[in-house]
Number of protein chains: 2
Amino acid sequence: MEGFRARAPGKIILAGEHAVVHGSAAVAAAIDLYTHSSLHLLPASEEDGAGAVEVDLRDTGLVFSWPCARLREVFGDRAGAAVNAPRPCSSNELASMAKLLEQEDIPEDKIWLAAGLSAFLYLYTSILGCRPGKAVVKSDLPLGAGLGSSAAFSVSLSGALLAAAGAVRPQAADAGTEWGSFHKEDLELVNQWAFQGEKIIHGKPSGIDNAVSTFGSMIKFKKGEFTNLKSSNPVKMLITDTRVGRNTKALVAGVSERASRHPDAMASVISAVNSISEELSSIVELAADDEVAITAKEEKLAELMEMNQGLLQCMGVSHCAIETVLRTTLKYNLVSKLTGAGGGGCVLTLIPSLLPNSVLEKTTTEIESHGFRCFQVKVGGRGLQFCRG
Amino acid sequence: MEGFRARAPGKIILAGEHAVVHGSAAVAAAIDLYTHSSLHLLPASEEDGAGAVEVDLRDTGLVFSWPCARLREVFGDRAGAAVNAPRPCSSNELASMAKLLEQEDIPEDKIWLAAGLSAFLYLYTSILGCRPGKAVVKSDLPLGAGLGSSAAFSVSLSGALLAAAGAVRPQAADAGTEWGSFHKEDLELVNQWAFQGEKIIHGKPSGIDNAVSTFGSMIKFKKGEFTNLKSSNPVKMLITDTRVGRNTKALVAGVSERASRHPDAMASVISAVNSISEELSSIVELAADDEVAITAKEEKLAELMEMNQGLLQCMGVSHCAIETVLRTTLKYNLVSKLTGAGGGGCVLTLIPSLLPNSVLEKTTTEIESHGFRCFQVKVGGRGLQFCRG
């Protein structure tokens, strides 16, 4: 029984969140925390329409399963559908899936799973038709913390499904690892399907999260246009998940209201953020080939992060949990900024390459003593990867 | 024995510190923490040149005294000098005073007193000549915390000296108080003398501190020009003195260096601060005549303070002691910003008029538990005032 495994990274926003809504550039980067999707196709039993499609959401402890016959009723037999031409989920299909999922026993505190299951069903049936198979999804990423967990879900799942469908051809594994990548045009296809999944989960996603998760490295985006950046040296960051839930829509609206109350000041603030994103984009592409150059690069990054954080505070999207992390890391002379929507969520702390491990450990322990959770990550690495088995 | 008492307020910077160095507008305001100077002229004894000039610096527990004859050797007999035409202290005079003060027993940890004593001697002898007298100075203001204690010293002293010399005519006391003010032209004279004192203490003062201390209310300043603002409703603030000493020159230089490293971003930041100062200036002049209007005005002020603080953090002049205060007040939904140079020093917290006293007390207790010291002040009140006795 052949298996298809794909992993797709989460993302952070290095610069420009919120301001991007008002026309500024922003920079997103992949992190080495992954969502893994593995897929096994099952032989269709002799009776036509028998077998089931199962998804095991390992992190939640929940497994869902639908008889293929039932799926065929909802979606029709899509086998051989236009795998190479991703299309959005229609509102009829959305409604049918909602009905299908009503019959599932989703715990009340995990009701948000319904959107993810809809995306799963849509991607699965669109790419593989209603044939039996079993998917297992698990993730290193905290869910709903602004680290792109839903995009990593859609990307890794699309990657595994498209490989299983033979629509994309995985490359040989990188030396020393079991993981290989895909050709650029294959990644484009994965990205387009993943974007359809994101739309089911989020309504109106920007497309940044799935692009970073698919292509990796870093992406500058401005007014809907994406530019892939080649990040030359990996940067290490400590990500703190404050575990404070936030309302992204309300935060975005709050910034817009502030901008309408103080148009002159806020226009300058947006323009300052834009300059920071542009500067940061050019810095990450600089190759630094010795300790001095790396340290200089890190210092510039740290300064830009500190400046961006001040501007985010100016926009009113900080939170006392974020301030606690800032204050704690400042004690150790480390620079932090919120990442994503703010109002809780996650905070980035740059880890300079020359920082003694003991300081990093002390900082982490102190941050975690507040009930937060820390992750050490490398920033700007690989996007979607694949292996068999 | 006739007595002359003057009190002059300290100041805070409501908006625009640091950015003002780069061409932005800034707003300073008087606070109701005063430095009091009282002066008693003593009858010259029969022998010519007998008697002494004494200054009792009550807050330091130190008293200094110089025989009039000795002062006459240093300054010549200035009696009847041009009291109405303040002139700067010459470098010769500065050197002579330094020599005179070398003979004093100034404790090593209070060596900064020498500059204040020079200012005292210069103002006293310039305005009153070398006639015997006794001055007592005491202050509500923490020294060297950025609240304008040296300007309040120079202004209150100049006020008392000029009144004693008959060069300014105090007005009748305000109803219900013992304190009266001076006519505008008299205040101008006091301000000019106080500026000479400030120059002795600071080298190159901007003149803002003495202007606010003299004229009270609020002053907008931009590129060397001052505009007096009429503040319509007093605002209450909590001032936290973090007691963290700071190096203003290094902080100012740090901002300039950041501006040269990131010229585009920093130009936008300065421009954002300028918009905030201009907006704040127009808001403080709005009369608010009911609770709703006052609350609306306070909310606008709070938002502008929050924005300005973010921009100060962006300039890199915050400090972990400041962050501690911010984080503490944020817990109580109160907005704070650093005031003055940053890097320690003082933090302002707006106290909304409808804030329950219990919340204010709790906030204060929690701030002071970190070893900081809080003052409740009214902002934008009277400048120099005078009474006899």
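Which residues does B:Thr363 touch, not counting residues up to four places away in sequence? It touches B:Thr329, B:Tyr332 and B:Leu334, where contact means heavy atoms within 4.5 Å. B:Thr363 is buried at 1% relative accessible area; buried is under 20%, exposed over 50%, partly exposed in between, with a 1.4 Å probe and protein chains only.

Quick housekeeping. This is a predicted model, where local features need pLDDT of at least 70, side-chain atom pairs count only at pLDDT 80 or more, and totals for chains, interfaces and linings use all residues. Residues are numbered from 1 along each chain as its sequence is written, chains are lettered from A in the order in which they are written, and side-chain values use heavy atoms, leaving out hydrogens and water.

Okay, salt bridges: a side-chain nitrogen of Lys or Arg within 4 Å of a carboxyl oxygen of Asp or Glu. In one of them, B:Asp209 meets B:Lys11 at 3.1 Å, N to O. B:Asp209 sits in helix H6 and B:Lys11 in strand S1, so the pair ties together parts 198 residues apart in sequence. Helices (H or I, at least four residues) and strands (E, at least two) are DSSP runs, numbered from the N terminus. B:Asp209 is buried at 18%, and B:Lys11 is buried too, at 6%.

Now look at B:Glu278, which is partly exposed at 28%. B:Glu278 forms a salt bridge with B:Lys220, with closest N and O atoms 2.8 Å apart, and another with B:Lys222, at 4.0 Å.

Last one: a network of salt bridges links A:Arg258, A:Arg261, B:Glu303 and B:Glu306.
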